[in-house]
Amino acid sequence: MNCRLFALLIPCLLLSACSENNSQEPENGSNSPLQFSATIGEMQTRANANHQNTIISSGETVWLWIDRNKDQSKYIGAWQHSSDGLGKLYPVPTITRFYPTGNATINIYGIHGYFSTYIGDDDTRPDTLYHSVFNDQSVDANYLRSDLLWTNDIKQYAGDDIKLIFSHMLSKIEVCFKPVGSLTDDSIMGAKAWLVDMQQHTKINPTTGVGYTWGSTGDMPIPMKTLAYSATTFSGADYAEIIVP
């Protein structure tokens, strides 16, 4: 039996406890706290997206590194944040940190992904982070962590809220199946499909955003999203979404 495959490949740029609110002692002359909001792209970057299109989903981890702009020296090493799903990033654990002395300008580098490279609190920004997409992305958590996001904000001045604009660094394939010809709706029930020989690993420089695929390829199962035989167009179709390097 034959099925007609409709796939849309969208290339993008190229990743229960309570605690008290702690505070970093501000440097002399600094009184502006560091607070972050985050979007993904200044406009919609992926068509028909159901997940993490323009806002980082709730509970997803973002790592930030902050340098002094004046001499490019490290100011704050790896600093973990969590998205609230509404466009705000909050530090984990909760802590208030401030601009350098005199509210001097800073450079910010941020990334989200599923890294085999260990990142520890206040670690110096590495030259390379290794990210992998999940083989089975039918589970929302696996899909979200497969989505490699990156940003940099050079020469940020002190302000009430730092607006970080992240970019999708990988691509997404959207797939929907429809029976045609002699096939019927019943005949494709229980069918299975895969993307074959797909790259699943990438490495990225968190300073520049430059990345490459690496490693062996594998087959990735596609969730079966279907349209009825009677449908005449794919308008309003529910697409399976798969992130690929």
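Which residues of the largest nonpolar core touch the most other members? They are Ile-111, Ile-222 and Ile-242, in a core of 27 residues.

## Basis

The model is predicted: local features need pLDDT of at least 70, side-chain atom pairs count only at pLDDT 80 or more, and totals for chains, interfaces and linings use all residues. Residues are numbered from 1 along each chain as its sequence is written, and side-chain values use heavy atoms, with hydrogens and water left out.

## Nonpolar cores

A nonpolar core is a set of buried Ala, Val, Leu, Ile, Met, Phe, Trp, Tyr and Cys residues joined through side-chain atoms within 4.5 Å. Buried means under 20% relative accessible area, exposed over 50%, and partly exposed in between (1.4 Å probe, protein chains only).

Among the 27 residues of the largest core, the most other members are touched by Ile-111, Ile-222 and Ile-242. At least two residues of this core come from each of strands S4 (61–68), S12 (171–178), S13 (193–199), S16 (217–222) and S17 (240–244), and from helix H1 (140–146). S17 gives the largest share, 4 residues. Helices (H or I, at least four residues) and strands (E, at least two) are DSSP runs, numbered from the N terminus. A second, separate core has 19 residues, including Leu-64, Tyr-75, Ile-76 and Ile-106.

## Ser-37 and Asp-161

Ser-37 belongs to strand S3 (residues 36–40) and is buried, because its relative accessibility is 11%. Its side chain makes a polar contact of 3.1 Å with that of Asp-161. A polar contact is a pair of N or O atoms within 3.5 Å; within protein, one must be able to donate a hydrogen and the other to accept it, and residues adjacent in sequence count only if both atoms are side-chain atoms. Beyond four places in sequence, the contacts of Ser-37 (heavy atoms within 4.5 Å) include Lys-88 and Asp-161.

Asp-161 also forms a salt bridge with Lys-88, with the closest N and O atoms 3.3 Å apart. Asp-161 is in the loop between strands S10 (149–156) and S11 (162–168), while Lys-88 is in strand S6 (residues 88–91), 73 residues apart. Asp-161 is partly exposed at 23%, as is Lys-88 at 34%.

## Other salt bridges

The whole structure has 6 salt bridges, each a side-chain nitrogen of Lys or Arg within 4 Å of a carboxyl oxygen of Asp or Glu. One joins Asp-122 and Lys-74 at 3.8 Å, a pair 48 residues apart.

Another joins Lys-225 and Asp-238 at 3.3 Å. Both residues lie in the loop between S16 and S17, so the bridge ties together parts 13 residues apart in sequence.
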